[in-house]
Amino acid sequence: MKKALLLVLLCLVPGLTGCGSLHSQRRELAQLRLMESMGLDAAPGGLILSLSSAPSEEEEVLCFSGSGVSLSQAMEQLQSRAGEELFCGHLQNILVGERYAQGAPETLLSAVCRSSDLRLDQPVFLVLDGTAREALESGSAASLRLLSPDREQAGSLSTAGGILRDLDRQGSSLIRALRLQPSAREGEEDPDLVPAGYGILGAEGLLATLSPEEAMAAELLTGTLSPCPLLLRDRQGRAVTVELQDGSCATRPLFDRKGALTGLSLMIRARATVLEIAGFPSVAEEDYREELTALLEKELTGRVQKLLRRSRELGADFLGLGRQLELAAPWRCRGLGERLGEKLPELALRLRVQAELLHSNDIS
Amino acid sequence: MKRSEGKLNLLIGTALLSPALRLIPGSAAALGGTSAWLGPLAALPLALLYAALLQRLRRTLRPGECFPELILRTLSRRFGRALLLLFAGWLLLYTGFLLRAGADRLQITAYPRSGPSFFVLSMGLLLLTAALGPFRSLTRMARVVGPALFLVLLLMLGTAAKSVDCSELLPLGGEELLCSAFPALDLLAFGLAARFFFSPGRTGKGEGFLSCVRRLGLFSLLLCALGAAIQGRFGAALSARLSAPFFALVRNLVFFRSLERMEALVVGLWILPDFLLGGLCLQGAQRCLRLALGQRPEEGESRLDFSGGRLLIWLCGVVSIALGLLLGRDPASLQHWSRTIIPLLNLFYSLLVLPVTALLCGRKGIP
């Protein structure tokens with residue numbers, strides 16, 4: 001009796017491990033095709049789901065497409081068409097077509113949360129002036145690896161979890177945008193995917209897009225700036241290229257005498273190095289150095305002002321300024337993270353940019 | 001009855017890892033927003049007060065006597081039995097809920113296309129063997145799996161620490177902090193109540209209060225670290241929305257820049273604290289039920305011995321499996337059970353029924 005009971009229990013234990021049990025979703029490795037990128041596009045009455053495989057030495061990148069009313073239905077159609085199991089457990093990125101993003105991106109984001117294959121730190125990109133399917137078929141999705149944020153820093157912009165978090169918190173979010181453009185390589189017909197700023201997502205869909213120039217200002221304000229070149233013109237009309245190294249923004253609330261919020265004060269600090277100057281003016285000279293610094297400050301001020309105007313016009317706090325205010329004055333700005341978008345148009349903005357030239361790359 | 005306090009503490013601490021991942025920071029974030037991660041520390045003073053009260057009440061116990069026996073000895077026969085039946089009912093309900101919640105976790109993290117019945121049934125039968133066997137088999141198991149589970153948890157938290165965005169842990173608000181203390185208080189109070197329930201009276205000096213403070217402090221810090229790692233990655237609002245935020249975190253982790261998708265392994269490991277907690281509750285329920293029905297449970301009874309009311313253990317197993325199959329049949333209902341009914345019941349029994357009963361016993365009984 002004792003042995004029989006023990007045997008019955010031992011038979012039940014494997015059921016909890018997932019190894020060949022009644023309920024396991026066992027997958028034979030040889031029958032799996034590893035997918036690298038997923039694309040989503042709008043279609044009449046539903047969506048088009050595209051998947052592209054990971055490149056390997058033996059095989060070219062393969063693309064599969066299916067459509068359906070929902071993501072799951074499209075995936076089912078795609079799996080049955082492919083004739084093999086398309087495994088999405090190691091997807092590197094998700095591309096969303098512009099028309100799909102204009103719909104309800106939350107559908108995708110909630111699907112990512114619910115899926116046992118997809119991850120919350122999956123980078124998500126918006127494809128402008130084209131479809132995600134075209135982008136995957138161009139075979140250039142592999143280059144996205146260079147653009148994808150490091151998974152270790154998945155709290156940064158444009159991951160599925162990050163977008164969902166921002167939508168929850170401030171009602172809008174930034175999503176990295178890409179654009180297809182003719183290939184720069186000779187003889188290559190397939191277009192390349194290149195960075196094209198950001199898209200602004202709201203709960204109802206895509207609200208607007210930011211050009212690469214505005215994107216730089218957005219990164220400066222959100223503290224996610226990565227080194228990027230910036231072209232200035234000095235008083236003599238010479239082209240000066242500086243590289244913005246890093247930047248930060250300190251946001252503080254402004255109150256009136258009654259304690260009501262009247263505005264925001266933004267103090268931006270940016271550090272740059274000189275990359276190129278037409279000719280050989282000496283950056284070591286104090287006057288020229290000050291001139292370049294002032295030019296840089298002016299340029300950054302213009303870009304940030306333009307971006308803040310966009311934010312006010314849209315009534316969307318996609319830059320997370322409300323959250324910054326909450327952190328700066330937790331007691332007085334409580335709950336502002338969720339409400340700042342609608343208040344933005346009435347608030348005064350006080351902006352100050354302080355730039356610093358670090359060095360001129362070993363030639364003065 | 002001899003039961004080492006250290007082993008019992010390890011058993012309870014390991015068993016609590018199961019509800020910890022359910023409540024922290026999900027429930028805490030829903031209640032306390034960005035202050036949720038500090039909830040366990042906010043709950044610590046109350047938990048320490050409660051621990052001090054229980055330490056004092058333990059003096060009522062005779063050497064070798066446990067709480068259920070104390071109830072029968074000191075209170076009137078009818079009242080004592082009614083109380084034991086109440087405790088048995090609570091523990092059976094909690095066991096049933098644990099079976100359902102464990103099955104749900106396996107379903108949403110690793111087996112989305114399966115139903116909960118198979119998992120409830122398998123785990124229920126395993127729990128039955130734990131209840132049929134001696135209590136010491138649970139403490140022995142905790143000695144084996146406890147350190148491994150804590151090590152895995154620390155490894156996960158250490159790996160996740162690199163990607164924590166500290167701004168997600170701020171701002172802190174006093175009111176929110178108090179609200180977010182409830183889930184942690186629920187955990188700590190249940191742990192202390194379980195320790196009081198299963199720990200027999202002693203002749204000599206038991207575990208000192210300072211040692212209890214140290215253990216509670218360390219456990220609260222671990223819970224804070226768990227909350228901070230998850231909240232720092234997903235933010236408070238998203239953490240509150242996710243059903244299993246810890247396993248979502250593990251799914252996103254990359255170890256040594258090459259190893260990823262370890263969540264199935266970790267989900268599999270978390271069956272062990274489920275088993276320990278379920279076993280603990282079922283042991284308590286069968287003991288209360290047998291005592292209430294006039295039986296005398298002994299330590300070291302054979303698993304397949306049907307004498308001395310041991311058939312009641314099988315009945316407890318069947319009832320908990322049935323409850324596991326019936327409770328929270330849809331996600332909304334399960335979430336209601338998980339975030340409202342069970343925590344409130346646990347707090348009610350741990351903070352009110354158990355200490356009041358012990359106080360009554362202390363008044364009427366002379367150790």
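Strands E11 (residues 239–255) and E12 (residues 261–277) of chain A run antiparallel to each other and are joined by 15 bridges. Helices (H or I, at least four residues) and strands (E, at least two) are DSSP runs numbered from the N terminus, and two strands pair if DSSP finds at least two bridges between them. One bridge to look for links Arg252(A) with Ser265(A) in E12(A).

This is a predicted model, in which local features need pLDDT of at least 70, side-chain atom pairs count only at pLDDT 80 or more, and totals for chains, interfaces and linings use all residues. Residues are numbered from 1 along each chain as its sequence is written, while chains are lettered from A and ligands numbered from 1 in the order in which they are written.

Step back to the whole sheet: it is open, has 4 strands in the order E10-E11-E12-E13 (chain A), and its pairing is mixed. Strands E10 (228–233) and E13 (348–357) of chain A each have a single partner strand, so one side of each lacks a neighbour in the sheet. From one strand to the next, the twist averages 40°.

Contact here means C-beta atoms, placed from the backbone, within 7 Å; angles run from 0 to 180 degrees between N-to-C directions, with axes fitted to C-alpha atoms, for helices over the stretch in contact.

Overall, chain A has 11 helices and 13 strands. Among its contacts between residues at least 6 apart in sequence, 66% join residues at least 24 apart.

Terms used: Two residues are in contact if their C-beta atoms, placed from the backbone, lie within 7 Å.
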